Each structure stands twice: as structure tokens, then as C-alpha cells.
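Biologist: Please put the model up first. I will then ask about its parts one at a time.

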Amino acid sequence: QRVSVTVRPGLPMVLAGSAEPCAQLLVSSIGVVGSAEQNRAHSARFFDFLTAELGLGPERIGIRFYPVEPWQIGKNRTVMTFL
């Protein structure tokens, strides 16, 4: 419930100077992506999944982690702070 993942297929992208197929994963979360240790573990699992599902090498995938605060996420007509 506290992790949001956005996937937008079919975008023209350049990664490391190449327009070969690639992927960028943006992950935002409350309290789950706040440290290097947490993100290292998440990164490994995301890379395993993405390389298997997309058939891309890990060098063609980039992941950005965005820690957010509960007051920055709206849900059910309020913000997560009050849920």
C-alpha cells in the first residue's frame, strides 16, 4: 500500500548516449525507500524482475527512488498522514 510504481512503455528514450531499448523505473514510497541500504535491496529485486520481463541488460535500466512524506500523498479525500 505504501509503494507506487509508474511504467510508461513506448517512450523515446536515450540512456548512456544510446537510443537502444531501455527502461527507467521511478519508485516513490512513504518510509520504504529512505536509505541506501533499503534501496540497494529494492534495486536488486527490481533489476531481477525488469531484466527477466523486458529482456534488457542491467546497463539499459535506470531506477530512481523518491522518498515521500505522508502529507505529500492524497488518498480517500485526505492525505496519508490521517489514514
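Biologist: Which residues lie nearest the centre of the largest pocket?
Modeller: In this predicted model, the lining of that pocket counts 21 residues. A pocket here is an open set of 1 Å grid points where a 1.4 Å probe fits, with protein on both sides within 12 Å along at least five of seven lines, and lining residues have an atom within 4 Å of a point. Nearest the centre of the largest pocket are Val7, Arg8, Pro9, Ala23 and Gln24.

Biologist: Which element gives the most to the lining of the largest pocket?
Modeller: At least two lining residues come from each of β1 (3-6), β2 (23-30) and α1 (36-54); these are DSSP runs (helices H or I, at least four residues; strands E, at least two). With five residues, the most is given by α1.

Biologist: How much space lies in the largest pocket?
Modeller: By class, its lining has 15 nonpolar, three polar and three charged residues, with Gly counted as polar and Pro as nonpolar. The volume is the space filled by probe spheres set on the grid points, and for the largest pocket the value is about 520 Å³.

Biologist: How far can the coordinates be trusted, and where is confidence lowest?
Modeller: The mean pLDDT (the predictor's confidence in each residue, from 0 to 100) of the chain is 91, and 95% of its residues reach 70 or more. Local features need pLDDT of at least 70 and side-chain atom pairs 80 or more, while totals for chains, interfaces and linings use all residues. Residues are numbered from 1 along each chain, and side-chain values use heavy atoms, without hydrogens or water. Strand β5 (residues 78-79) has the highest mean, 96, and the lowest, 69, is in β1.

Biologist: What does Phe46 touch, leaving out residues up to four places away in sequence?
Modeller: Phe46 is part of helix α1. Its C-alpha atom is 25 Å from that of Met80, 34 residues apart along the chain. With contact taken as heavy atoms within 4.5 Å, Phe46 touches Val5, Leu25, Val27, Ile63 and Phe65.

Biologist: Is Trp71 buried or exposed?
Modeller: Trp71 sits in the loop between β3 (61-68) and β4. Beyond its neighbours within four places in sequence, Trp71 is in contact with Val79 and Thr81. Gln24, 47 residues apart from Trp71 in sequence, is 26 Å apart in space, C-alpha to C-alpha. At 58% relative accessibility, against a cut-off of over 50%, Trp71 counts as exposed.

Biologist: What is the relative accessible area of Gly57?
Modeller: Gly57 lies in the loop between α1 and β3. The C-alpha atoms of Gly57 and Leu15 are separated by 12 Å. Gly57 is partly exposed, the class between the buried and exposed cut-offs, and its relative accessible area is 23%.

Terms used: Buried < 20%, exposed > 50% of the residue type's maximum accessible area, 1.4 Å probe, protein only.
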